[in-house]
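Subject: Structure handover

Hello,

Here is the structure you are taking over. Please open it before you read the notes below it.

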Amino acid sequence: QVQLVESGGGLVQPGGSLRLSCAASGSAFSGKAMGWYRQAPGKQQELVTWINRDGNTKYADSVKGRFTISRDNAKNTVILQMNSLQPEDTAVYYCVQSKFAVLWSPAYWGQGTQVTVSS
């Protein structure tokens, strides 16, 4: 069974940065695409970014130029570096593993970590 555990959420002021981590176990991590979703109250769930087995990345327009996803296959970890955070980035962020290596099809979800951007 795949287990995904997020960490690094918290409260940050507008313009600040946060670094989310996701530790994966129970799967062939290096052979799967990984990504991050977010869910804000009253809003639709949003695919923020994902990275495939080869390191190719995709970003939602709302975070392009501010967020960076990376992966460390040796540590079974995926990182989301979030810079220039704004109040509209406030949400629960979920780490997700795809069924596939180079295509996105969400299969396994972490429990989520809260990110709050407020002064």
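This is a predicted model: local features need pLDDT of at least 70, side-chain atom pairs count only at pLDDT 80 or more; totals for chains, interfaces and linings use all residues.

Residues are numbered from 1 along each chain as its sequence is written, and side-chain values use heavy atoms, with hydrogens and water left out.

The protein chain has 11 strands and 0 helices (DSSP runs, E of at least two residues for strands, H or I of at least four for helices, numbered from the N terminus). The C-alpha trace spans about 40 × 25 × 25 Å along its principal axes. The radius of gyration (over C-alpha atoms) is 13 Å, which agrees with a compact globule of 119 residues, because that would have a value near 14 Å (the rule is 2.2 Å times the number of residues to the power 0.38). Of the 119 residues, 42% are buried (under 20% relative accessible area, with a 1.4 Å probe and protein chains only).

Strand S11 covers residues 113–117. Its covered face holds Thr 113, Val 115 and Val 117, while Gln 114 and Thr 116 are on the uncovered one.

Which strands pair with S11? Pairing requires at least two bridges found by DSSP. Strand S2 (residues 10–12) runs parallel to S11, with 3 bridges, and Leu 11 stands opposite Thr 116. Strand S9 (residues 91–98) is antiparallel to S11, also with 3 bridges; there Val 92 has Gln 114 as its bridge partner.

Regards

Note on methods
Buried means under 20% relative accessible area, exposed over 50%, partly exposed in between (1.4 Å probe, protein chains only).
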